[in-house]
Amino acid sequence: MEEKPTHAARSFLIELMLYAGLVVVYVFVVIAFLGNWLDALYEHHKIRYAFAALLLIVGQGVVLETVTTILLRLIRRRRD
Amino acid sequence: MDFLVSQTHISPFYLMIIGFIIGIFGGFFGVGGSFLAGPALFAMGVPMNFVVGTDLAHIVGKSIVAAKKHRALGNVDLKLGFIMVIGTIAGVEVGAQGIEWLKHLGRANVDQVVGIAFVVVLISISAFVAWESWQTIKMQRDREREAEMSGIGVRTLGAKEDESAFEHISRKIHGIKLPPMIRLRVSGIERVSLWAILLVAFVGGVFSGFLGGGAGYIRMPSMVYLLGVPTHVAVGTDLFEIVISASYGTLTHAIKGNVDIMIALVMHTGAAIGAQIGAASTEYFRGPKIRLAFVPLPLIGAAIVIYSLLSGKHLK
């Protein structure tokens with residue numbers, strides 16, 4: 001019984017570290033790459049910028065949630 | 001990292017950590033976390049109009065994660081959520097127009113007026129929730145003591161059941177016969193006027209459009225104390241409703257030039273995992289304890305805004 005909380009905590013920490021690593025790479029490679037394009041859109045096409053902004057944040061929300069769910073399943077499968 | 005749209009320079013690690021902390025609080029309390037996100041961005045030198053719009057954008061992505069989790073837990077009253085969206089969107093537009101009016105008067109005015117409004121709202125909410133939560137916990141303890149003395153057993157509430165020291169207020173509001181009357185099965189409300197729901201949502205929307213974020217710090221207490229929605233359903237429904245109304249808020253503020261989506265995207269990378277942790281934790285706590293734990297958070301946000309306004313300094 002005492003092993004379960006330890007395993008759960010370890011799984012969570014592994015997930016967190018993997019996720020943190022992926023996220024850092026994602027921020028510096030993907031998001032930074034978008035900066036200039038978004039700025040140009042903001043300056044010249046506000047309506048397109050608005051929809052692009054919404055699509056990006058919704059898309060990222062779905063993608064990140066999927067990634068965390070998959071990571072958690074992978075880690076639990078390895079542990080079991 | 002340079003954020004060209006808002007012309008600010010902020011460490012992406014700072015944004016990710018802030019996002020993570022806000023994600024946990026957001027998933028747990030059912031609020032978007034703007035009581036911390038807004039002050040945190042302002043403290044980094046982001047102009048207030050961008051704080052308002054960017055925070056709205058950030059919580060769209062974050063709330064999708066948390067709302068999905070709460071939906072799976074059965075905490076979302078879809079009917080209530082869709083009705084509230086109508087009122088909230090109207091309120092958001094009114095709030096956004098307020099920001100535009102202040103922008104015409106100059107950036108200093110936006111920062112000062114919105115900053116002061118933020119501080120007043122946050123302190124008021126914190127004080128009220130502290131008082132109400134304490135009243136409810138005291139009421140429960142008195143009842144248990146009386147039951148012990150009389151030897152009669154007291155039915156303890158289940159983890160998802162709730163009570164509030166303000167139930168008499170929500171009962172009075174339920175008694176207002178202003179048709180159309182609505183039944184909210186998931187919330188356990190037999191009937192309530194549609195206009196009461198729309199008014200609560202509209203006021204929340206104004207705060208959202210003017211101060212940024214989802215204004216869950218207004219809407220969630222209003223749902224619990226005024227409409228009588230159980231806390232865990234208020235948490236989940238608020239998150240669900242925020243996804244839609246904050247999407248509208250993002251669009252309208254972005255068109256008005258108040259959203260730096262890069263900041264929102266970076267902050268959200270931390271929030272995504274925090275929200276899952278926060279949402280899962282609501283399984284283990286009852287209403288008054290969740291509300292009491294919420295109390296210090298708006299005060300921390302208020303302190304950050306006060307510091308930034310008075311000192312004129314920004315954290316780098």
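This is a predicted model: local features need pLDDT of at least 70, side-chain atom pairs count only at pLDDT 80 or more; totals for chains, interfaces and linings use all residues.
Local features need pLDDT of at least 70, side-chain atom pairs count only at pLDDT 80 or more, and totals for chains, interfaces and linings use all residues. Residues are numbered from 1 along each chain as its sequence is written, chains are lettered from A in the order in which they are written, and side-chain values use heavy atoms, with hydrogens and water left out.

Start with chain B. It has 12 helices and 4 strands. These are DSSP runs numbered from the N terminus: helices are H or I with at least four residues, strands are E with at least two. Of the 316 residues in chain B, 61% are buried. Buried means under 20% relative accessible area, exposed over 50%, and partly exposed in between (1.4 Å probe, protein chains only). Contact means heavy atoms within 4.5 Å. Among contacts in chain B between residues at least 6 apart in sequence, 82% join residues at least 24 apart.

Now the interface. Here 34 residues of chain B touch 33 residues of chain A. The area buried between the two chains is about 2,800 Å². Buried area is the accessible area (1.4 Å probe) that two parts lose on being put together, summed over both. Carbon and sulfur atoms give 81% of it. On the side of chain B that touches chain A, the elements giving two or more residues are α1 (12-29), α3 (48-72), α9 (231-255) and α10 (261-281). α10(B) gives the most, with 11 residues. By class, that side has 24 nonpolar, 8 polar and 2 charged residues. Nonpolar here covers Ala, Val, Leu, Ile, Met, Phe, Trp, Tyr, Cys and Pro; Asp, Glu, Lys and Arg are charged; the others, Gly among them, are polar. The count of salt bridges between chain B and chain A is 0.

Next, the cores. A nonpolar core is a set of buried Ala, Val, Leu, Ile, Met, Phe, Trp, Tyr and Cys residues joined through side-chain atoms within 4.5 Å. The largest has 97 residues, and those with the most contacts inside it are A:Y49, B:V114, B:Y217, B:L227 and B:I261. α10(B) supplies the largest share of this core, 9 residues. A second, separate core of 6 residues includes B:A66, B:A67, B:L239 and B:A275.

Charged pairs come next. The whole structure holds 6 salt bridges over all chains. A salt bridge is a side-chain nitrogen of Lys or Arg within 4 Å of a carboxyl oxygen of Asp or Glu. B:E93 and B:K256 form one at 3.2 Å, N to O. B:E93 sits in helix α4 (residues 78-105) and B:K256 in the loop between α9 and α10, 163 residues apart. B:R219 and B:E241 form another, also with 3.2 Å from N to O. Both residues are buried. Salt bridges that share partners join B:R219, B:D238 and B:E241 into one network.

Finish at B:S187. This residue lies in the loop between β3 (181-184) and β4 (189-193) of chain B. B:S187 counts as buried because its relative accessible area is 5%. Its side chain makes a polar contact of 2.6 Å with that of B:D77. Such a contact is a pair of N or O atoms within 3.5 Å; within protein, one must be able to donate a hydrogen and the other to accept it, and residues adjacent in sequence count only if both atoms are side-chain atoms.
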